[in-house]
Amino acid sequence: MRDKVSDETMARAVTIEVPQEFAGMRLDNFLARHFPDLSRSRCQQVIRNGRVKIDGVTVTKPGFILRGKELIEVELPEPEPSTLRSEPIPLSVLYEDDDLLVVDKPRGMVVHPGAGVRSGTLVNALLAMGIPLSDIAGPERLGIVHRLDKGTSGVIVVAKTNFAHLKLAQQFAEHKVDKRYLAVVVGEPEFEHKVVAAPLMKHPEDPEKFAVANRYTFASHIVDAVTEVWVRERFRGFALLEVKPITGRTHQIRVHLQHLGLPVAGDETYNGRAKAFKVARELKRDDLLNALQSLNGQALHAWKLTFVHPRTNEPITVEAPLPDDMRKLLAFLRGSE
């Protein structure tokens with residue numbers, strides 16, 4: 001997306017450039033995807049009301065098919081006031097300026113409200129900081145440009161202004177943000193570097209999970225997913241990996257690593273917890289069992305994020321230190337060599 005708004009007082013009137021990867025998508029679906037606070041039916045109403053222009057021409061058909069690279073001008077409705085409570089939850093700030101904030105999200109924290117979760121989220125904590133937050137994503141997602149799974153810790157960038165939000169969202173949509181994760185996995189990789197290109201779908205038996213789809217799979221929603229993996233350290237029965245998700249699908253890293261036979265240690269959803277305990281018992285490592293027992297969830301950490309600053313166009317790299325339980329686990333693994 002490309003922001004054409006230079007005056008923050010006009011922040012609800014925005015212009016976005018359609019990334020080429022969205023060629024063939026309906027206009028209403030594109031708007032609903034990029035403005036999560038607006039339902040598809042609400043987007044259709046905005047279009048029919050003549051509040052959308054494509055390359056300077058008003059379009060009133062929600063089913064208009066995009067070809068990619070168009071400039072869409074949208075007059076967004078003013079957001080409803082947030083009903084969320086601010087909560088003084090401590091956050092580790094890694095970087096901050098007038099346009100954005102980068103924090104180290106603790107493992108176990110949900111990024112924004114949803115599915116019955118109304119408190120304890122990153123948004124609740126941000127509200128308590130008393131800083132401005134972008135509202136383009138809606139009153140439930142103030143400042144939120146991208147997500148991390150609840151069980152994943154690490155770097156997450158927050159937009160203070162709508163200008164910054166649109167610029168950052170463009171980079172994420174066009175896969176120009178370099179995201180690096182560290183993961184302790186169960187198993188001994190047979191490679192040093194690997195690119196996993198395996199499409200994902202909802203798990204056929206568990207709606208809370210995802211699975212790798214193959215060409216024989218029939219499912220209504222299959223999405224492409226690509227992950228790059230490097231082996232950083234090897235241990236008996238375990239390994240430390242550096243992971244770069246090229247695409248940003250839900251649970252992508254965890255599903256792709258499980259697909260490689262290397263589930264993330266501590267990951268109950270994708271068999272990483274049970275397999276880690278099994279390997280530790282086979283190795284007769286009581287110390288390792290204790291470290292795994294104290295692991296507060298999955299050993300997956302969003303370690304480093306590199307992006308272009310939305311206003312200065314300078315590259316910024318922010319790193320988050322490993323959480324204590326992952327450092328402890330690695331210390332035991334390194335001590336076994």
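Here is a short tour, one selection at a time.

First, the ground rules: this is a predicted model, where local features need pLDDT of at least 70 and side-chain atom pairs count only at pLDDT 80 or more, while totals for chains, interfaces and linings use all residues. Residues are numbered from 1 along each chain as its sequence is written, and side-chain values use heavy atoms, with hydrogens and water left out.

Start by selecting 286–293, helix α7. (Helices are DSSP runs of H or I, at least four residues; strands are runs of E, at least two; both are numbered from the N terminus.) Leu288, Leu289, Ala291 and Leu292 are its buried residues. They sit on the same side of α7, because they cover an arc of only 160 degrees around the axis, taken from the directions from the helix axis to the C-beta atoms. Asp286, Asn290 and Gln293 are exposed on the other side. Buried means under 20% relative accessible area, exposed over 50%, and partly exposed in between (1.4 Å probe, protein chains only).

Next, hop to the open sheet: 4 strands, ordered β1-β4-β2-β3, with antiparallel pairing. Strands count as paired if DSSP finds at least two bridges between them. β1 (13–17) and β3 (57–58) are the edges, each with a single partner strand, so one side of each has no neighbour in the sheet.

Last stop: select Arg334 and Glu233, whose side chains meet in a salt bridge (2.5 Å, N to O). This pair links helix α8 to strand β12, 101 residues apart. A salt bridge here puts a side-chain nitrogen of Lys or Arg within 4 Å of a carboxyl oxygen of Asp or Glu.
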